[in-house]
Amino acid sequence: MNRPAFDHLVPEHVRRFEAYIPSKPDDELRKLYGCARLLRLNNNENALGPPPAAREVIRRWPPPQAAIYPSGDAFHLRQKLAARFDLDPDQILVGNGANEVISFVIKAFCREGDNIVTADRTFAVYEWVAEFSGFEARLVPLSDFDFDAEAMLSRIDARTKILFVCNPNNPTGTYWTHGALEDFLERVGGRQIVVVDEAYCEFVEAGDFPDTLSLMARYPNLVAFRTFSKMYALAGLRIGYLMGDREVVDIIRRTCVVYSVNALAQVAAVAAADDDDHVRRTRDMVARGKVQVRSALEAMGLPVVCGEGNFMMIRLPMSDSLAYRKLMQQGVMVRTMTGFRFPNYIRLTIGETPAMTAFIEALSAIL
């Protein structure tokens, strides 16, 4: 049989897009780099693990439930979140991680010839989903490591459908204040959908951070993303959600794939959602870790970009890829930042004191 005619079958926008290659599993990485243990300080995971109630739900989850399809629309979780945030449950849409809800929004509003606008050095999935779906991603340079509202507005044209703002920004930790977001929404004037990705909002303690949900009544074009992967440490179960005006969410729901969120993720998220003590303990851990690491990096003379969130960026006097390999040999895994368009930077997840000490010692050794 002849091989398929891929030049004919595969759209041009897919042919020019490179597939994302994830890292190997930890056991394979330990063998590859010859290290006995591996500290995962690369993906902004919460070192404390899930909240106690979520741990108990996971431990007690009955295996026979694996044979039964989950709630197709995460009914109980939407009820829980609606009560917590004083929303109608139909203002909430749950997906298989934030990546899926990004895809929902782009599919709902974009058609051939349309574009989205976002920053050039932020969470890359907005750009990726747009590009491999055949839509243009207009990338605006950061200004002092932050989203540049004026530059984003200048890139809007008649075919712009969505503006993506990561707040606080991954990987820089910068954020727009409530006033800055409100001003941006005023100037957009409802002509585009404004998505504010708040994956790290639970880590923020700044008093001027936006109360995004309070703005939705005045700005029905505003959509907020959140996740249970970061603060609530359910990254392995893949569960995120969006919130918005009911009419907007009803439109997005038309592109939603039902049954994509597994049953264990749903019950664990319900158990985790109200655990404010877990949030406090995590914030305390991150604050201690930042003080410890920043002090050590200052002594090494290394520049740091550190804002909100459980991470920081560090500029190295060497290739970030080389630093990654050398740190891996000592059992410390960080994120290289060339892929984020920050060459020679690494991003460090802030964790508990022993892990931060191990990172400082390993970095000092390779430098």
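## Reading helix packing, backbone exceptions and cysteines

Q: In this predicted model, at what angle do helix H5 (residues 75–85) and helix H12 (residues 263–272) pack, and how far apart are their axes?
A: Two packed helices are described by the angle between their axes and the distance between the axes. For helix H5 (residues 75–85) and helix H12 (residues 263–272), the angle is about 20° and the axes are 9 Å apart. H5 and H12 are therefore roughly parallel to each other, since angles under 35 degrees count as such.

Q: Is the crossing of H5 and H12 left-handed or right-handed, and which residues make the contact?
A: The crossing of H5 and H12 is left-handed. H5 contributes Phe75, His76, Leu77 and Lys80, while H12 contributes Gln266, Ala269 and Val270. Sorted by class, this contact of H5 with H12 has 4 nonpolar, 2 polar and 1 charged residues.

Q: How do the axes of H13 and H15 cross?
A: Helix H13 (residues 276–300) and helix H15 (residues 353–366) have axes that come within 10 Å and cross at roughly 15°. That angle makes H13 roughly parallel to H15. The crossing of H13 and H15 is right-handed.

Q: Which residues of H13 and H15 meet, and how many of them are nonpolar, polar or charged?
A: On the H13 side are Gly289, Gln292, Val293, Ala296, Leu297 and Met300. They meet Thr353, Met356, Thr357, Phe359, Ile360, Leu363 and Ser364 of H15. By class, the contact of H13 with H15 has 8 nonpolar, 5 polar and no charged residues.

Q: Which peptide bond is cis, and where is its proline found?
A: Most residues other than glycine have a negative phi, and most peptide bonds are trans. Here a cis peptide bond joins Asn167 and Pro168, with omega about 0°. Pro168 lies in the loop between strand E5 (160–166) and helix H9 (178–188).

Q: Where is Asp86, what is its phi, and is it buried or exposed?
A: Asp86 is not a glycine, yet its phi is positive, about 60°. The residue sits in the loop between H5 and strand E2 (92–95). With a relative accessible area of 71%, Asp86 is exposed, because the cut-off for that class is over 50%.

Q: What about the phi of Arg238, and where is Arg238 found?
A: Arg238 also is not a glycine and has a positive phi of about 60°. Its place is the loop between strand E7 (222–227) and strand E8 (240–244). Arg238 is partly exposed, at a relative accessible area of 29%.

Q: Where is Gly190, and with which residues is Gly190 in contact, leaving aside its neighbours within four places in sequence?
A: Gly190 is in the loop between H9 and strand E6 (193–197), and is partly exposed, with a relative accessible area of 48%. Leaving aside neighbours within four places in sequence, Gly190 is in contact with Leu185 and Asn221. Gly190 and Pro220 are 30 residues apart in sequence, and 7.5 Å separates their C-alpha atoms in space.

Q: How many disulfides does the whole structure have?
A: A disulfide is a covalent bond between the sulfur atoms of two cysteines. The search of the whole structure finds 0 disulfides.

Methods:
Residues are numbered from 1 along each chain as its sequence is written. This is a predicted model: local features need pLDDT of at least 70, side-chain atom pairs count only at pLDDT 80 or more; totals for chains, interfaces and linings use all residues. Side-chain values use heavy atoms; hydrogens and water are left out. A disulfide is a pair of cysteine sulfur atoms within 2.5 Å. Axes are lines fitted to C-alpha atoms, for helices over the stretch in contact, and angles run from 0 to 180 degrees between N-to-C directions. Helices (H or I, at least four residues) and strands (E, at least two) are DSSP runs, numbered from the N terminus. Angles under 35 degrees count as roughly parallel, over 145 as roughly antiparallel, 65 to 115 as roughly perpendicular and the rest as oblique. A crossing is left-handed if the near helix is turned anticlockwise from the far one by less than a right angle, and right-handed if clockwise. Contact means heavy atoms within 4.5 Å. Ala, Val, Leu, Ile, Met, Phe, Trp, Tyr, Cys and Pro count as nonpolar, Asp, Glu, Lys and Arg as charged, and the others, Gly among them, as polar. Buried means under 20% relative accessible area, exposed over 50%, partly exposed in between (1.4 Å probe, protein chains only).
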